[in-house]
Amino acid sequence: MKLVTIGLGQAGGRIVDLLLHYDTWGRHKHIVASCMAVNTSKSDLIGLRTIPQKHRVLIGQSAVKGHGVGLNNELAAKIMEKDHPMIKRVLSEREHLDIDAFLLIAGLGGGTGSGGTPVLVKALKESYGEPVYVLGVLPSDDEGGLMCYNAARSLVSLKDKADGIILFDNNLWRREGLPIQASYDAMNHQVVKPLPVLMGAGEVTAKDKIGAKVVDASDIMNTIRQFTVLGHSEVQLGGLWSKKVDIHELIRLAVTGKLTAECDIKQARRVLFMVAGPPREMSRAGIDHARSWLESVAVNAELRVGDYPLPKSKTMMSIVLFSGMEDTPRVKALVKKALEYQKLQETREAGVSSLELGKGRLKPLIE
Ligand SMILES: Nc1nc2c(ncn2[C@@H]2O[C@H](COP(=O)(O)OP(=O)(O)OP(=O)(O)O)[C@@H](O)[C@H]2O)c(=O)[nH]1
Ligand SMILES: [Mg+2]
């Protein structure tokens, strides 16, 4: 599955930077078709390590002079309305942009990522036929009301625009006791780790097709709808694991371990699970057993199952996507807190059109 990945704001830029690092040096190489970092802050762009200079796009120069928008997501949305052609120009430099989809990545609690992402989703959808997915990082509770308000407004604005929103919740994954930067770094590895495998599946060449049912890009794209969360598990092969891997156990670990955000699995309308590793370790019976177990857990879902044969891999990884959810407990909680914040700040203006998500109304960032 070939993706153009665009990181917006500081969190988004860092995560895409790390994804490109994995793509260059990791076990699953050259899967990222193209990537870019977009920011209103010049210093955040300079701080990136891997993304080439010409793919770092500074927007809003005339409005904020490279100093960032300072959590003002309305300003970021306005800047993106004006400057999105700069991003499209970088995209058009690749003459035959042969891709399956766009993936925009952003921390939704700040200014640039929160306000810029919904506007860029809309602009990309107006110009290209490919689906546009968002990986949205949710703020943690200790970041306060404004971050929460920004994230909820961004989610409300994205909900009907993006083809799917993959959630990663900092509140669930932050590392207590670590300095903030080290905690971000650790979380970013958690975000990025399954992506090359997920993206690599569906790029399998004909000679590799030995698996039971190889996952392809359309399986992934037909799964990701509305809110989506992801889980994964991995075991080393050889040594202590010299006996055959229990596929059902591997999937169970991915499902019952920590997901990227909390969700009620019964609300998932679409589920995909895949196992990646050497075909000799893929037992048909193991996959069938895992499938029936998952059918009994995700009772309302259309289930897609497949494998990703990696003959030389020294690990077995399983990835599960729970998708097609109208909302999640964390999204509901963020919206509730954001409404309280909005009331408190008296930002609610009579007659402003708004979208509804759960109870109450939040001002969207774009129409
Ligand atoms: N997981 C993760 N979260 C981050 C990282 N950096 C920032 N965040 C979180 O992402 C959210 C948005 O922060 P930023 O990305 O810094 O915001 P921004 O889009 O640059 O916004 P402005 O600086 O206001 O323009 C906040 O909730 C942060 O806690 C990171 O490297 N990893
Ligand atoms: Mg910033």
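Here are some notes on this predicted model, point by point.

1. Start with the overall layout. The chain splits into domain 1, covering 3-199, and domain 2, covering 201-325. Taken over C-alpha atoms, the two centres sit 26 Å apart. The contact between them draws on 17 residues of domain 1 and 22 residues of domain 2. On the domain 1 side, the elements giving two or more residues are strand E5 (132-138), strand E6 (164-169) and helix H9 (195-200). E6 gives the most to that side, with 6 residues. By class, the domain 1 side divides into 13 nonpolar, 1 polar and 3 charged residues.

2. Next, the ligand. Ligand 1 is surrounded by 24 residues, and the closest are Gly9, Gly107, Gly109, Gly110 and Gly111. Helix H1 (9-25), helix H5 (112-127) and helix H8 (180-192) each put at least two residues into this shell. H1 has the largest share, at 4 residues. Sorted by class, the shell around ligand 1 comes to 8 nonpolar, 14 polar and 2 charged residues.

3. While we're on H1, have a look at Ile15, which lies in that helix. Ile15 has 26 other C-beta atoms within 10 Å, so it is buried. Leaving out residues up to four places away in sequence, Ile15 touches Gly7, Ile105, Asn188, Val191 and Val192.

4. Nonpolar side chains tend to be buried together in soluble globular proteins. Here the largest nonpolar core has 111 residues, and those with the most contacts inside it are Phe102, Leu104, Ala152, Val271 and Phe273. Helix H6 supplies the largest share of this core, 8 residues. Domain 1 and domain 2 each contribute at least three residues to this core. For Ala152, setting aside neighbours within four places in sequence, the contacts are Leu334, Val335, Ala338 and Leu362.

5. Which residues of helix H11 (residues 247-256) are buried? They are Ile247, His248, Leu250, Ile251, Ala254 and Val255. Looking down the axis of H11, these buried residues fall within an arc of 160°, so they line one face of the helix. As a reminder, an α-helix has 3.6 residues a turn, so residues three or four places apart point the same way. The buried residues of H11 pack against strand E7 (226-236), strand E8 (270-277), helix H12 (284-297) and strand E10 (315-325).

6. The loop between H6 and E6 gets its own point. Lys161 is found in this loop, which runs between helix H6 (145-159) and E6. Apart from residues up to four places away in sequence, Lys161 touches Pro118, Val121 and Lys122. The C-alpha atoms of Lys161 and Glu367 are separated by 9.9 Å, although these residues are 206 apart along the chain.

7. Asp163 lies in the loop between H6 and E6 as well. With 17 C-beta neighbours inside 10 Å, Asp163 counts as partly exposed. Its contacts, not counting residues up to four places away in sequence, are Pro131, Val132, Tyr133 and Ile224. Asp163 and Gly324 are 161 residues apart along the chain, with their C-alpha atoms separated by 10 Å.

8. Finally, two backbone angles to look at. Most residues other than glycine have a negative phi. Lys65, not a glycine, has a positive phi of about 55°. Gln226 is another residue other than glycine with a positive phi, near 45°. Are their surroundings buried or exposed? Lys65 is exposed, with 10 other C-beta atoms within 10 Å, and is found in the loop between helix H3 (61-64) and helix H4 (73-92). Gln226 counts as buried, with 20 C-beta neighbours inside 10 Å, and is found in strand E7.

Conventions: Residues are numbered from 1 along each chain as its sequence is written. Chains are lettered from A and ligands numbered from 1 in the order in which they are written. This is a predicted model: local features need pLDDT of at least 70, side-chain atom pairs count only at pLDDT 80 or more; totals for chains, interfaces and linings use all residues. Domain bounds come from an automatic or database domain assignment. Two residues are in contact if their C-beta atoms, placed from the backbone, lie within 7 Å. Ala, Val, Leu, Ile, Met, Phe, Trp, Tyr, Cys and Pro count as nonpolar, Asp, Glu, Lys and Arg as charged, and the others, Gly among them, as polar. A residue is near a molecule or strand if its C-beta atom, placed from the backbone, lies within 6 Å of it. A residue is buried if 20 or more other C-beta atoms lie within 10 Å of its own, exposed if 12 or fewer, and partly exposed in between; C-beta atoms are placed from the backbone. The arc is that of the directions from the helix axis to the C-beta atoms. A nonpolar core is a set of buried Ala, Val, Leu, Ile, Met, Phe, Trp, Tyr and Cys residues joined through C-beta atoms within 7 Å.
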